[in-house]
Amino acid sequence: MTAREKAELLQGTLDVLVLKSLQRGPMHGWAITEWLDVRSENVLQVNQGSLYPALYRLERQGLVESAWRTTDNKRRARYYSLTKHGRRHLARELKKWTRLSHAVDRILEATR
């Protein structure tokens with residue numbers, strides 16, 4: 001696997017995780033990183049330097065949209081939400097991930 005292919009794989013993984021987090025509803029960047037951290041039981045800690053390029057990329061692709069809003073603690077933040085196209089894309093990607101993870105599980109559970 002080339003370095004570019006590895007980067008695309010990691011990028012694709014982060015994209016799916018971000019889309020999944022937004023399936024819950026609009027969130028700002030900090031809330032997305034917190035949700036991913038909590039849901040992964042502190043295994044996946046996405047830093048802002050990775051998250052925001054992913055959000056901008058997803059927005060350019062029409063998978064998410066953003067708007068400025070005020071947070072609960074009265075700060076201004078950009079909130080991201082899934083578009084209809086993003087929801088369809090996420091559904092397709094989740095099917096792929098489920099199929100892939102089941103295949104990996106079968107291999108790792110093999111006794112011979």
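This is a predicted model: local features need pLDDT of at least 70, side-chain atom pairs count only at pLDDT 80 or more; totals for chains, interfaces and linings use all residues.
1. Surface and burial. The protein exposes about 8,200 Å², of which carbon and sulfur atoms supply 53%. Of the 112 residues in the protein, 31% are buried, a proportion that rests on a cut-off of under 20% relative accessible area.

2. Overall architecture. The protein contains four helices and three strands, and when these elements are read along the sequence they follow the pattern α-β-α-α-β-β-α. Taken along the principal axes, the box filled by the C-alpha atoms of the protein has dimensions of roughly 60 × 30 × 25 Å.

3. Nonpolar surface patch. Which residues form a nonpolar patch on the surface? The patch is formed by Trp97, Leu100, Val104, Ile107 and Leu108, which together have about 500 Å² of accessible area.

4. Leu108 in its context. Leu108, one of the residues of this patch, is found in helix α4, which comprises residues 84-109. Is Leu108 buried or exposed? Leu108 counts as exposed because its relative accessibility is 66%, and the cut-off for that class is over 50%.

Notes: Residues are numbered from 1 along each chain as its sequence is written. Side-chain values use heavy atoms; hydrogens and water are left out. Patches are made of residues with over 30% relative accessible area and no salt bridge: like charges are joined within 9 Å, nonpolar side chains (Val, Leu, Ile, Met, Phe, Trp, Tyr) within 5 Å. Accessible areas come from the Shrake-Rupley method with a 1.4 Å probe; for residues, only the protein chains shown count as cover. A salt bridge is a side-chain nitrogen of Lys or Arg within 4 Å of a carboxyl oxygen of Asp or Glu. Helices (H or I, at least four residues) and strands (E, at least two) are DSSP runs, numbered from the N terminus. Buried means under 20% relative accessible area, exposed over 50%, partly exposed in between (1.4 Å probe, protein chains only).
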